[in-house]
Amino acid sequence: MHHRPSVFKACVFLFAASASLACTAQAADSKLDNVLKRGHLIVGTGSTNAPWHFQGADGKLQGFDIDIGRIVAKGLFNDPSKVEFVVQSSDARIPNLLTDKVDMSCQFITVTASRAQQVAFTLPYYREGVGLLLPTNSKYKEIEDLQAAGDGVTVAVLQNVYAEELVHQALPKAKVDQYDSVDLMYQAVNSGRADAAATDQSSVKYLMVQNPGRYRSPTYAWSPQTYACAVKRGDQDWLNFVNTALHEAMTGVEFPTYKASFKQWFGVDLPEPAIGFPVEYK
């Protein structure tokens, strides 16, 4: 007696075959493959925020975000120059990804759970925070000295609705003077009208690199936020690749490139990754 396959089994077989074809098609359509075929990477970034992304004297983009884009390009093509940078406003960072105008956005994007509903974030490549800029000859050395001075300390900060609250997280009794521009904030420190300026620690580090011997900064920083690149959701192959490129820049074979960039823009010598047990599991 011959038995025919049941309709149920046939449907299961067809479903499995369709799923397999769909997965194959999805893998074939990965941005990783498309970028490799195109022959260069397209990165969305900015052009007005040193030390992250800005135009140098030659008109070319430079900065830490730009170096991150070149690291990914080198991973793709063994050539860091095979990258096209698309200058975009901050409010275009996500829309340009969703419309495939760019392959990834590297523009000091702060990671938030809300944004992670719209895009996929890569591994973090920098942890930002608020730092303090002081003149080299300041009588205050570390955060404890400033805290002990109470309301005898005046801190300059860029004007915004959270300015006083932000400063008072670290210096609860300090006087807070708000300024309309970063330049005016720094001028207040230079002239002695303010004892310190509170701003992004990356900006503090960069200003110290640009003006050696003029400023210093306490080791303490606060209000952390994470910077990562962003890619379009739903393409695990592409996300995995970018993560691999960033991971090996921060911990592996491309570490010398990442270290040199960190030193150039922030004036900090990063310690070599520990050899032996992977630092990720410590």
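Guide: Happy to! Let's begin with D100, which has a relative accessible area of 40% and is therefore partly exposed; buried means under 20%, exposed over 50%, and partly exposed in between (1.4 Å probe, protein chains only). This is a predicted model, in which local features need pLDDT of at least 70 and side-chain atom pairs count only at pLDDT 80 or more, while totals for chains, interfaces and linings use all residues. Residues are numbered from 1 along each chain as its sequence is written, and side-chain values use heavy atoms, leaving out hydrogens and water.

Visitor: What makes K232 and D100 a salt bridge?

Guide: The rule asks for a side-chain nitrogen of Lys or Arg within 4 Å of a carboxyl oxygen of Asp or Glu. The closest N and O atoms of K232 and D100 are 3.0 Å apart, so the pair qualifies. K232 is in strand β12 and D100 in the loop between α4 and β6, so this pair ties together parts 132 residues apart in sequence.

Visitor: Why is C106 paired with C229 as a disulfide?

Guide: Their sulfur atoms are 2.1 Å apart, and the definition requires a pair of cysteine sulfur atoms within 2.5 Å, so they form a disulfide. C106 belongs to strand β6 (residues 104–110) and C229 to strand β12 (residues 222–232).

Visitor: Why is this disulfide called right-handed?

Guide: The torsion about the S-S bond is about 105°, so the label is right-handed.

Visitor: Is C106 called buried or exposed, and why?

Guide: Buried, because its relative accessibility is 0%.

Conventions: Helices (H or I, at least four residues) and strands (E, at least two) are DSSP runs, numbered from the N terminus.
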